[in-house]
Each structure stands twice: as C-alpha cells, then as structure tokens.
Amino acid sequence: MSSKVAVIGGGTGFIGQALCKSLERNGYKTVAVSRNPGKSTITWKYIEQEGLPKNTEIVINLAGEPVLNVFKRWSASFKKEVWESRISTTNTLKNAVLCSESPPKLWGSISGVGFYPPSSTLVYNEDSKPGSNDLWSDLTHAWENAGKIEHKNIRHVVVRSGVVLAKSGGALPQMLIPFKLGLGGPIGDGSQWFPWIHIDDIVGIFMHAIQNNSVNGVLNGVAPDAKTNQEFSKYLGSVLRRPAILPMPSFAVNMLYGPERGIMLLQGQNVYPKLTQASGYKFVYPTLENALREASS
Ligand SMILES: NC(=O)c1ccc[n+]([C@@H]2O[C@H](COP(=O)([O-])OP(=O)(O)OC[C@H]3O[C@@H](n4cnc5c(N)ncnc54)[C@H](OP(=O)(O)O)[C@@H]3O)[C@@H](O)[C@H]2O)c1
C-alpha cells in the first residue's frame with residue numbers, strides 16, 4: 001500500500017525534525033530535502049531534476065542558513081548565503097509543486113516576525129505591512145513572495161515565526177547557560193519586544209494547517225502572551241530560581257554579531273496571532289510561564 005508522503009525542505013533541522021515526528025505520528029512518510037544525501041533525505045538537486053516523490057501530499061520549506069551563528073562573521077558573502085539559502089530553496093520546491101502531475105494539497109513555508117519593522121508601540125497582526133528599507137523586513141518579504149502561488153487546488157500557508165522555545169535545539173539551551181550560573185539578564189535595556197512560541201505550537205500550527213482545508217495564507221507563529229525581553233528574562237530567572245539581573249550590554253551584542261544582526265536582538269516587535277487563533281488553532285502553551293517551565297525543565 002502506498003503511504004502519503006510529506007516533503008520537508010530543511011527537515012533535518014530543529015523545527016524540521018519535530019515536524020517530521022508529528023507527521024509520522026499522523027501517518028505520513030516524511031522525506032527531508034537536504035544538502036546532504038542520506039537514508040531519509042533527498043538532495044535539492046534531486047528535486048530540481050526529478051521533481052517531487054510519488055504520492056507527495058504535503059510540501060513545506062523550512063531550509064535556511066542560521067542567522068545568529070556567533071561563529072560566522074557578518075560579511076557580504078554570509079549575508080548572501082542567509083538570503084539565498086531561503087529564496088533559492090523556496091523557488092526549487094515551489095517549482096516542483098507547480099510542475100507535479102498530481103499537485104500536493106498543501107504548500108507551506110516558514111518566515112519570521114522580522115517581516116514587521118521593530119517598534120516599541122505598535123501591535124502587529126497578519127494584516128500589518130512589512131517595513132521598507134529594513135534588511136529583515138526585506139528578506140522575509142522576498143522569502144514570502146518567492147513562495148507565493150496561485151493554484152486552485154493547492155493551499156499555501158506561511159507561518160511567521162517568533163523565537164522557538166524548546167528543551168533541545170533553538171535558542172533556549174544556549175540562553176539557559178548564563179541563567180543557570182546566575183549570570184543571566186536582559187539583552188540591552190530589555191525594553192524591546194520578544195515574540196516567542198513553544199516548539200509544540202509551531203509544529204501544531206503546521207499540523208493544524210495540514211488537517212484543516214479552510215486554513216490558507218499567513219499565520220503568525222507567536223504565542224498570544226507578548227513579553228518584553230526584560231519580562232522574558234524575569235520569567236526565565238524565576239522558573240530557574242536564579243537571579244536575572246545582569247544585562248548583556250548593547251555594545252557586546254553589536255561586537256559579537258555586528259550591528260545589522262544585533263538589531264534582531266536589541267529591537268523587537270509586538271506580534272499577535274490574530275488569524276492563527278481565528279482559524280481555530282488552540283495554543284498548547286499560550287503563556288510564557290508554562291512554556292518556560294516545560295522547555296527549561
Ligand atoms: N528556530 C527559530 O527560533 C526560528 C524562528 C523564526 C524563523 N525560523 C526559520 O525557520 C527555519 C527553520 O529553523 P530551524 O531553527 O529549524 O533551523 P535549523 O535547525 O538551522 O535548520 C535549518 C535547515 O536548513 C538547512 N540549511 C542550513 N543552511 C543552509 C544553506 N546554506 N543552504 C540550504 N539549506 C540550508 C539545513 O539542512 P541541511 O544541513 O540538511 O542541508 C538545516 O537542517 C529557518 O529558515 C529559520 O530562519 C526559525
């Protein structure tokens with residue numbers, strides 16, 4: 001018997017592996033698209049040459065060069081890699097989706113809350129506009145545009161994700177180190193918004209989109225419990241029963257990451273999941289305290 005197949009670009013990564021596990025629990029055979037060939041992976045070249053595997057029902061792209069890699073200097077060539085790893089993989093999968101003889105029922109992709117320009121006062125929902133002349137808005141906007149399709153039988157969903165919190169993988173395990181040593185605290189002055197989501201919910205939103213034929217378009221992948229970076233630090237300190245008073249100064253962030261990347265940590269957006277909730281999605285971890293209790297235990 002042929003099983004239904006889900007093809008996940010970047011399925012080898014942190015979110016991709018969690019999504020693949022959930023898809024498999026729901027009866028899908030998962031195939032990750034990767035730069036490296038392997039047992040349950042196929043390469044981008046394979047997709048370009050052969051198209052989608054038989055019985056593909058779901059195609060989701062999560063591939064992208066990690067941006068906040070402290071070991072990679074913020075240079076013109078790295079910036080190009082950050083950009084192209086998202087746009088070219090999206091183009092490759094979108095073309096395969098459009099050329100497929102039996103089109104998949106869902107084409108999904110991820111993007112980030114960097115779509116919305118940093119602001120301390122505005123509250124953004126999925127209908128809000130991107131910034132202009134802002135590197136991260138420009139990147140996410142181009143990334144989302146690359147994925148756009150108009151096809152009456154294929155739904156397209158884009159999840160604009162905040163920082164994904166989990167026990168292993170993502171940003172939290174690295175943040176826990178100074179906090180557990182009692183050396184944690186806010187980044188910069190801590191007044192910037194810190195949009196966050198638990199890994200179970202980012203996976204949950206994709207599964208919700210897969211399982212509900214009425215879900216379409218952009219969904220914000222953030223919990224409905226907006227916090228500033230200072231509030232986030234306070235909650236993390238209290239969950240760990242450690243002080244959280246030592247700030248990481250802005251100049252140190254800029255020295256480590258370069259000012260263009262430093263913006264991602266030193267400025268933020270207050271993002272609300274209006275359409276995500278209106279589409280019927282119920283958050284597993286709607287509050288930061290519960291999310292941190294699970295992810296830092
Ligand atoms: N984690 C978060 O908090 C978060 C928040 C907002 C948005 N996102 C976005 O969500 C996506 C997945 O995030 P993640 O945390 O799961 O990332 P991840 O663990 O770094 O995985 C990303 C995957 O992309 C592939 N990749 C990396 N560099 C690449 C390159 N230069 N060219 C082509 N493919 C490349 C890798 O697959 P191979 O090594 O197998 O090729 C990797 O498995 C990313 O696009 C990220 O920007 C993540």
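In which loop is N133 found? N133 lies in the loop between β6 (123-124) and α4 (135-147), where helices (H or I, at least four residues) and strands (E, at least two) are DSSP runs numbered from the N terminus. This is a predicted model, in which local features need pLDDT of at least 70 and side-chain atom pairs count only at pLDDT 80 or more, while totals for chains, interfaces and linings use all residues. Residues are numbered from 1 along each chain as its sequence is written, and side-chain values use heavy atoms, with hydrogens and water left out.

**Overall fold**

- The secondary structure of the chain comes to 11 helices and 11 strands.
- The radius of gyration of the chain is 19 Å, close to the 19 Å that the globule rule gives for 297 residues, so the chain is as compact as a globular protein of that length; the radius is taken over C-alpha atoms, and the rule is 2.2 Å times the number of residues to the power 0.38.
- Along its principal axes, the C-alpha trace of the chain spans about 60 × 40 × 40 Å.
- Of the contacts in the chain with a separation of 6 or more, 78% are accounted for by residues 24 or more positions apart, a contact meaning heavy atoms within 4.5 Å.
- Buried residues make up 53% of the 297 residues in the chain, where buried means under 20% relative accessible area, exposed over 50%, and partly exposed in between (1.4 Å probe, protein chains only).

**Annotated regions**

- UniProt, in an unreviewed entry, places the feature "domain: NAD-dependent epimerase/dehydratase" at residues 7-213, and over residues 7-213 the chain is 38% helix and 19% strand, with the end C-alpha atoms 18 Å apart.
- The UniProt annotation "domain: DUF1731", also from an unreviewed entry, covers residues 248-294, over which the chain is 60% helix and 4% strand, with the end C-alpha atoms 25 Å apart.
- Such annotations may be inferred rather than shown by experiment.

**A buried strand residue**

- T41 is in strand β3 (residues 41-43) and is buried, with a relative accessible area of 15%.
- Not counting residues up to four places away in sequence, T41 touches T12, A32, S34 and N36, and the C-alpha atoms of T41 and G10, 31 residues apart along the chain, are separated by 9.7 Å.

**Loop residues with positive phi**

- Most residues other than glycine have a negative phi.
- N133 has a positive phi near 55 degrees, and at 78% relative accessibility N133 counts as exposed.
- R241, in the loop between α7 (229-240) and α8 (250-257), has a positive phi near 55 degrees and is exposed, with a relative accessible area of 75%.
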